[in-house]
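Me: Can you walk me through this one? I'd like to start with how the chains meet.

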Amino acid sequence: MDSRTGGDAAFVAFEHVQKSYDGETLVVKDLNLAISKGEFLTMLGPSGSGKTTCLMMLAGFETATHGEIKLNGRPINNIPPHKRGIGMVFQNYALFPHMTVAENLAFPLEVRDIGKSDREAKVKRALDMVQMGNLGGRRPAQLSGGQQQRVALARALVFEPELVLMDEPLGALDKQLREHMQFEITRLAHDLGITTVYVTHDQTEALTMSDNIAVFDDGRIQQLAPPTVLYEQPMNSFVAQFIGENNTLLGTVKEIRGDLAVVELDDGELIDCKPVNVSKAGERTKVSIRPERVEFNKARLKPGAHTLKAEVLEFIYMGDIFRTRLRVAGNDDFVVKTRNAPDQVRLQPGQQIEIGWLPQDCRALDA
Amino acid sequence: MTDTVDTGPMRAADGTPLKVSLARALRRQKIRALALVAPLLIFVLVTFIAPIADMLFRSVENQIVHDTLPNTVRALADWDPSSAETPGEPVYAGLAIDLQTAAEMKAHTRLGSRLNYEDPGISSLFRQSGRNVDDFGKAAMKELVAADPAWKDGATWGNLLGTDKWVEAQTAWGADKTGLQPAFKARSGVAGTLPRTLGAYALFAADARESGRKSALESKPWPALATALEQDLRAAAPESLSALEGIDTALLARTRDAVDAAAPVDYRADFLAMDKDWASPDVWRTIRVFSPQYTAGYFLNSIDLEKTYEGITKRPPEERIYVTLFVRTLWMSMLITFCCLLLGYPVAWLLANLRASTANVLMILVLLPFWTSLLVRTSAWKVLLQQQGVINDLLVWLGLVDDGHRLAMINNQFGTIIAMTHILLPFMILPLYSVMKTIPPSFLRAARSLGATPWTAFWRVYFPQSVPGIGAGSILCFILAIGYYITPELVGGTQGVFISNRIAFHISSSLNWGLAAALGTILLAAVLLLYYVYDKIVGIDNVKLG
Ligand SMILES: Nc1ncnc2c1ncn2[C@@H]1O[C@H](COP(=O)(O)OP(=O)(O)O)[C@@H](O)[C@H]1O
Ligand SMILES: [Mg+2]
């Protein structure tokens, strides 16, 4: 478990938060999380892992069964949602269908008793910010999905909250629009300097948008790290498998020497790895290697490095890359990705080859 | 871009113009669709539209006076209803024929009941006169038979008034008596010379045809025919009688001479002797005012007006009940609808927002009343609300109410409102529930997150979206309430009954179906009007049942 406990500097802090809906199972188990001001934090995890629940507790729609949530250093457990001043974008946008776009945007300002002229100016500014300036008179039903998304975003920002929560806001959009909106949202968040907590189950989205990603599973944060660290140095086998493509081999630790571990795979072959969360010989381990770090050109490997025998099962031409499926140590789903370069070898099915990798690219994780 | 010279209309693959072939394809589709719904359509038309059309028709239909008293109505046209005088001899002469034929067909009592709605007491006049009126006919028949015994014979009358062909067909029918007797056809020329006789005979032939046992030619002629013929013979010019073709003119001439020789009957005096009410101008005014085939009379009655010879006037104050009832029905229905809304809204909200298991139990409680008899539920309210009932007992026991001043909560408007609100509540809750079920909870959350207090979030965001449910529930409750009659009948006393109770009374007790139909029509129009107003104000597409 790697999570930072909120110090005094944290803008948002979850401290030992637990949540149970039915009194029998914990949906969120001992959550500790600190988010600093201006940070774009993404909660990433499979469906049902408790992300929405965390967001709802932060927004005030659910109460924590145990623990404390602090905003700006103040405990907010007993503050009702409408006094928290947190902007929120819902998955289905939750635009009020009986109000026009402009009325939707004016709503948070009206309930704050902001004067009419001031209100209009702010609504206009917010609409311009999401490039919807000319559509203020429309009803939500007359807008496309992408436009509704922008309005929902503008509405969450129009009253200038310091913290914005977004629960899978792009889930309903098509791929191209989603990519465009990912960019827009990050740009706005950074330009306005607001703190954002973003929930998604889409790892690409998380990797491209976030400053920090908290990977959720089973009610716990499995790893909290910036995207590059998360991808290249997963701390456990769940994170390794959940983020990006990953090859897994099962084995037992034979010995550990500093930052090199020798692992005996289940078919008896030996490989070199970096020990991540294994500590002593004899432990079971899942070894994780990214497909693009696998090497079958012996010249590029260190002399004396352990290699493995492999049989080519399938070669898939994907344009920019080649994707080759191998049988390695009894695993039929071992994938290698190679760049489509002029000198690149195209492996043929049935071919017997030897593969290897740099020890630091091969991580011995928990079994 | 095209390589064909494209001047004409677009063509389908087989060369027919595209429009034609499209229309053909669509027509086939339409016919198939129509054929599929046809059974249902016919069913709806027959069982739903037809009764309504019948009701609309009954509310203005008034043929009975015209059909039963044709001669009287014709003669009465010359009488001035504003005079205090009774009408002249021709009216009584006509009445003598009409009343006899009516009595033969037992139509005089129905006519009496009809006119009795307008002028109470008139029905006994008709009933009693109908019993003795054939004295006229018997005397006249004696006279005719004295002139020629052939008048005793039904065939004589048939030969005189029917076409030769009809007589032939009628004789043929008499031989085996299968099927229906041939319909009566009048001989040409008699209509001008012997109009009264012909009119009476047509009824006679139709009556024989309907009874189906004896041919009109073999039946004993009605005495009314004799009265009619006697009057006709006195009125007719001798030349016109001899000009009639194909009949025994000698017989007619002989009879005419005999009739002329006898002293004319004084119908007026005889009628007055029979019943002095025949001297009352009011009776004649009523007959005259209601002689047209269609009348607005029922509708006027429905709004406490009446039609007199002087035009339309207000009914006497003690007879004005319908406007009060209509107004009461409308405002009490609105009040009941409002009470249902007030009580139903929170329940529907709970239903839509509680956990599924709890909501199901609650739903069963809401539906439970549907499974208990309406009568049981209404009677339960009697037990609860009556002066010696549970609630009064409780209040007295608590000392809130003095034993001598127990509250009157039943057999008045209060009772009707309470019981009907209870009965109609599910009809408000169900549409509200189904609309609320479609409002995602995220709307309220969104409003709260935007800074709205729970009340503002409800009022500005949730409530407007539940309006279609309110509309549907209110229309349902209101329309049901406006036509309700069992519950007001049982718990409404005299002050809490609705217009429907009056309609039911006229349908089952007073048998004044015309008035019931007019009241029903007004009720229907009121509902449609309100529906229209609702559409203008709220918009009918803003009504959702789910
Ligand atoms: N209102 C609720 N009542 C009971 N259980 C809930 C409720 N909301 C969520 N859960 C349960 O909590 C778990 C986590 O849900 P959620 O936070 O929505 O996950 P995520 O957003 O990561 O998909 C799920 O198993 C879900 O069934
Ligand atoms: Mg979720």
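**Where the chains meet**

Reply: This is a predicted model. Between chain B and chain A there are two salt bridges.

Me: Which side chains meet in a salt bridge at 3.6 Å, N to O?
Reply: Those of A:Glu62 and B:Arg445.

Me: How many residue pairs are in polar contact across the interface of chain B and chain A?
Reply: Five residue pairs, with both residues at pLDDT 80 or more.

Me: Which elements of chain B give two or more residues to the side that touches chain A?
Reply: They are α23 (441-449) and α24 (454-482) of chain B. The most comes from α23(B), which gives seven residues. Sorted by class, that side of chain B has nine nonpolar, six polar and three charged residues.

Me: How much area do chain B and chain A bury between them?
Reply: About 1,800 Å², with 66% of it on carbon and sulfur atoms. In chain B, the residues that lose the most area to chain A are B:Arg445, B:Leu450 and B:Arg460, together 39% of what that side buries. The contact takes 23 residues from chain A and 18 residues from chain B.

Me: New topic. How many residues does helix α5 of chain A have?
Reply: Helix α5 of chain A covers residues 175-192, so to speak 18 residues. From first C-alpha to last, α5 reaches 26 Å, close to the 26 Å expected at 1.5 Å a residue.

Me: Which residues in α5(A) are buried?
Reply: A:Met181, A:Gln182, A:Glu184, A:Ile185, A:Thr186, A:Leu188 and A:Ala189. The elements of chain A they pack against include β3 (40-44) and α3 (116-129).

Me: What follows α5(A)?
Reply: A:Gly193, with a positive phi near 70°.

How values were computed: Residues are numbered from 1 along each chain as its sequence is written. Chains are lettered from A and ligands numbered from 1 in the order in which they are written. Side-chain values use heavy atoms; hydrogens and water are left out. Contact means heavy atoms within 4.5 Å. Buried area is the accessible area (1.4 Å probe) that two parts lose on being put together, summed over both. A salt bridge is a side-chain nitrogen of Lys or Arg within 4 Å of a carboxyl oxygen of Asp or Glu. A polar contact is a pair of N or O atoms within 3.5 Å; within protein, one must be able to donate a hydrogen and the other to accept it, and residues adjacent in sequence count only if both atoms are side-chain atoms. Helices (H or I, at least four residues) and strands (E, at least two) are DSSP runs, numbered from the N terminus. Ala, Val, Leu, Ile, Met, Phe, Trp, Tyr, Cys and Pro count as nonpolar, Asp, Glu, Lys and Arg as charged, and the others, Gly among them, as polar. The expected span of a helix is 1.5 Å times one less than its number of residues. Buried means under 20% relative accessible area, exposed over 50%, partly exposed in between (1.4 Å probe, protein chains only).
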